[in-house]
Amino acid sequence: MEGKVIGPGPYRATKLWNETIKLFRGGMPLKRHWAHFRYYDWSFTGSEAVDYLHELLRRNFNFGPEVTRYQTVQLLRKFLKAHVIEDIKGRHGTEDFEDNGHLYRFPTLSPLKSFPTRPLLRDSSDLPRLIRWDDYEELPQRENIAPVKSAVMTSDMWNKRHSVAIGDVHECKLIRRKEITAKQVDHIWKSMTIAHLQRVLGLKSLDGVLDPTHVNGKHIVHNVFSVNKTGIVILENKAEDMPYWVVSAMKCLANWPNGNESKQPVYPGFERDVLKTVGDYFQRLKEPLLTFHLYEVFVNILSLLHEQDVATEALQVSCLLLPPPNRRRLQLLLRLMARVCQNPHLPPLNDTIATRTLMVQMFSHCVLGSVDEMDLDELLATKLVTFMMEHHNTIFQVPSKLRCQVEEHLSHLKRVQIKYAGSDTDFSASPAFCKQISRVESEEQKVIGTQTPLQELLEGLIADKELPAKDKRKRLKQFQRSYPEVYHNRFPTEESKAAVIPEKAPRLKPPLMFFNLKKSFQPFQRSWSFRA
């Protein structure tokens, strides 16, 4: 029973937990077993449970063949504690699961996790609002928004809109924005990064996956710009960095056998003690490096690992959300794990477990973990850490697409804008909203919203008595060229036009006047010869 694939979405970890329990209960072979001179029907031994569940997890696409037997035993211990299974005497919770012939059984009903019942955020408001150009315009801010006004143009407003076509250019001014503060830059990075993450995950909403209130825009900006030449985050407060002895131990293992800066004597098993020192430090951290708040985000990324490019981009964006100390520790740890696994000069660090498997098992729970003990975090962490270790050089790079989008938006906010005095002020101030309507309503509003205001505008031009007749005819001609249909409906014939619009008075030519000549007309007579 391979089960179904749990794709990205809210509460994916809870869905995986419930799906695993259903598959285990539905497929685990049950039979009669003897113990203490009596038999127990519908039971199974601990070893049988480990064998079946281990193979089930390895064949399941949500987990994969990387699952080890040790991890399967740890999961069955959680099942026993959560009363998914019980021993044949009905005990659970305090008992420890044993991988041997000890008998277990399923209770009447194995408890499944319920989903959190918190109200969904509406209208995609879970994404922080992106700061726009108008937020910086040097205009007085109104506390209350005025009611929406009808978009009916008057004669004066139509004149302003078509001032260039008519020939009159009104006074214009440059609108400059206020200086963008560092806090506003942090907010822009936060809102655009979360929106980019939602697009990469392919989700309509991040509700149940990420709470934006737990994201700090200042952390994102620090992770983008405060890095050294190798891309490692530089911390402003050195007290938040790892202790010197931990960094020295990590360098010793990463550069073995040439990394012993302290010149301490090397004895057989020295490298194992150094690894134990590093492991003890990370295992004593109060919180996993990927934090509890981002647990669901990285669990969702696990469903994208079959698409390497998409998963890598999702990890690039998600790792920007980490606090800088966590990001720095994670970068150095993954680099150490990769170098240790690739170092042929390093002696074996365990007698029974391969170095690669040892590194993943030792540090996976330090990287990804759930605040809920009853979870599959150990199985999921192994799969995620393996992928991150193999691609640690790329997942800590800033996505170029996201960076370009933020820089373009910031550049747009710093530009000035030209506005004509009084032009379109009434239209831009009105708040806009969208509402789905029927096709019939759309056609009706098309007529009301376009022809009716234009008809009123035309009537206003006709009734304007202060407008000189010459200017009135000029603007009516302009209106006729711009809106011929409305103009024809108002003046279907020349008679209707003549009844309203004064005709241009004919220009009278002055009568031909004959002036009295002082002398009578005489033909031209040459009086001088130009010949030589």
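Against which helices do the buried residues of H8 pack? In this predicted model, the buried residues of H8 pack against helix H9 (270–283) and helix H12 (324–342). Helix H8 itself spans residues 244–254, and its buried positions are Val-246, Ser-248, Ala-249, Met-250, Cys-252, Leu-253 and Ala-254.

The largest nonpolar core comprises 113 residues. Within this core, the residues with the most contacts are Phe-24, Phe-79, Ile-85 and Phe-282. Beyond its neighbours within four places in sequence, Phe-79 contacts Trp-17, Thr-20, Ile-21, Phe-24, Leu-53, Val-84 and Ile-85. Another core, of 10 residues, lies apart from the largest one; among its members are Leu-458, Leu-461, Ile-462 and Val-486.

An open sheet is formed by four strands in the order E1-E2-E4-E3, with antiparallel pairing. Its edges are E1 and strand E3 (86–87), each of which pairs on one side only. Strands E1 (residues 31–35) and E2 (residues 38–45) run antiparallel and are joined by four bridges, with Lys-31 standing opposite Ser-43 in E2. The hairpin of E1 and E2 has two residues between the strands, and in this hairpin His-36 adopts a positive phi near 55°.

Helix H2 (residues 46–59) lies across E1, E2 and E4. The direction of H2 is at about 25° to that of E2.

Definitions and conventions: Residues numbered from 1 in each chain as written. Predicted model: local features only at pLDDT ≥ 70, side-chain atom pairs only at ≥ 80, totals over all residues. Heavy atoms only, no water. Core = buried A, V, L, I, M, F, W, Y, C linked by side-chain atoms within 4.5 Å. Buried < 20%, exposed > 50% of the residue type's maximum accessible area, 1.4 Å probe, protein only. Contact = heavy atoms within 4.5 Å. Pairing = 2+ DSSP bridges. Axes fitted to C-alpha atoms, helices over the stretch in contact; angles between N-to-C directions.
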